Amino acid sequence: MKLSVGMPPGPDSVELAKLAHDLGYDRMWLYDSAALYEDIWITLARVAEQTPINIGAAVLVPNLRHVMTTASAIATIERLAPGRLVCGWGTGATARWVLNQQALSWSQTRRYLTQLRALLQGEVVEIDAKAATVARRWPTAARPSP
């Protein structure tokens, strides 16, 4: 059995990740709610560089960041901590409620994730009615399996 711990990203995340690892936890999950907590990607990078614990983002909200920004963040974390990142996705109910907005529809969420997977695989995708792709190669492990 593997144990995980979840918490908001913040100034104590690295020390808490070290403690979690020392206590036998396999993964530290961080929450994604930009209006409530510090930036998840900066915190994940700090934890990845300074601890051996596996890391997770739960749950990421598609509309909080442009899909290209998210692809770059995932690839960066994969370079820092190959194979240690897992991402969970949702419609952003609580993260959007803080912004006085409704959760995204599942079709909006699916479109974002389809674009994200394609970008991580080096494909051309349509973003804002224009073709887009990454200008550099992502780490192989950042590319999701089909």
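Reader: Is A132 buried or exposed?
Author: Buried. Keep in mind that this is a predicted model. The relative accessible area of A132 is 19%, and the cut-off for buried is under 20%.

Reader: Which strand holds A132?
Author: Strand β6, residues 130–132.

Reader: And what does A132 touch, leaving out residues up to four places away in sequence?
Author: M68, L119, E123, V124, V125 and I127.

Reader: How far is A132 from S72, C-alpha to C-alpha?
Author: 13 Å. Along the chain, the two are 60 residues apart.

Reader: OK, helices. At what angle do α3 and α5 pack?
Author: About 50 degrees, and the axes are 9 Å apart. Helix α3 covers residues 67–80 and helix α5 covers 106–120.

Reader: Why quote both an angle and a distance?
Author: Because two packed helices are described by the angle between their axes and the distance between the axes.

Reader: So what do you call the arrangement of α3 and α5?
Author: Oblique, because of that angle. The crossing of α3 past α5 is right-handed.

Reader: Which residues meet there?
Author: From α3, V67, M68, T70, A71 and I74. From α5, Y112, Q115, L116, L119 and L120. By class, this contact has 8 nonpolar and 2 polar residues, and no charged ones.

Reader: Let's zoom in on T70. Which helix is it in?
Author: T70 is part of helix α3.

Reader: Buried or exposed?
Author: T70 counts as buried, because its relative accessibility is 3%.

Reader: What polar contact does the T70 side chain make?
Author: One with the side chain of Y112, at 2.6 Å.

Reader: And which residues is T70 in contact with, apart from neighbours within four places in sequence?
Author: W41, R65, W89, Y112 and L116.

Reader: R65, then. Where does R65 lie?
Author: In the loop between β3, residues 54–60, and α3. R65 counts as buried, at 13% relative accessibility.

Reader: What does R65 touch, skipping residues up to four places away in sequence?
Author: D32, D39, I40, W41, T70 and Y112.

Reader: Which residues make the contact between α1 and α2?
Author: S13, V14, A17 and K18 on the α1 side. T43, R46, V47 and Q50 on the α2 side.

Reader: How do those divide by class?
Author: 3 nonpolar, 3 polar and 2 charged in the contact of α1 with α2.

Reader: Backbone checks now. Which peptide bond is cis?
Author: The one from A58 to V59, with omega near -15 degrees. V59 sits in strand β3.

Reader: What is phi for N100?
Author: Near 60 degrees. That is a positive value, and N100 is not a glycine.

Reader: Where is N100, and is it buried or exposed?
Author: N100 is in the loop between α4 and α5. N100 counts as exposed, at 75% relative accessibility.

Reader: And phi for D128?
Author: Near 55 degrees, again positive in a residue other than glycine. D128 is in the loop between β5, residues 125–127, and β6. At 65% relative accessibility, D128 counts as exposed.

Reader: Last one: S105. Where does S105 lie?
Author: In the loop between α4, residues 93–97, and α5. N100 is found in the loop between α4 and α5 too.

Reader: How accessible is S105?
Author: It has 30% relative accessibility, so S105 counts as partly exposed.

Reader: How far is S105 from I77?
Author: Their C-alpha atoms are separated by 28 Å. Along the chain, S105 and I77 are 28 residues apart.

Definitions and conventions: Residues are numbered from 1 along each chain as its sequence is written. This is a predicted model: local features need pLDDT of at least 70, side-chain atom pairs count only at pLDDT 80 or more; totals for chains, interfaces and linings use all residues. Side-chain values use heavy atoms; hydrogens and water are left out. Axes are lines fitted to C-alpha atoms, for helices over the stretch in contact, and angles run from 0 to 180 degrees between N-to-C directions. Helices (H or I, at least four residues) and strands (E, at least two) are DSSP runs, numbered from the N terminus. Angles under 35 degrees count as roughly parallel, over 145 as roughly antiparallel, 65 to 115 as roughly perpendicular and the rest as oblique. A crossing is left-handed if the near helix is turned anticlockwise from the far one by less than a right angle, and right-handed if clockwise. Contact means heavy atoms within 4.5 Å. Ala, Val, Leu, Ile, Met, Phe, Trp, Tyr, Cys and Pro count as nonpolar, Asp, Glu, Lys and Arg as charged, and the others, Gly among them, as polar. Buried means under 20% relative accessible area, exposed over 50%, partly exposed in between (1.4 Å probe, protein chains only). A polar contact is a pair of N or O atoms within 3.5 Å; within protein, one must be able to donate a hydrogen and the other to accept it, and residues adjacent in sequence count only if both atoms are side-chain atoms.
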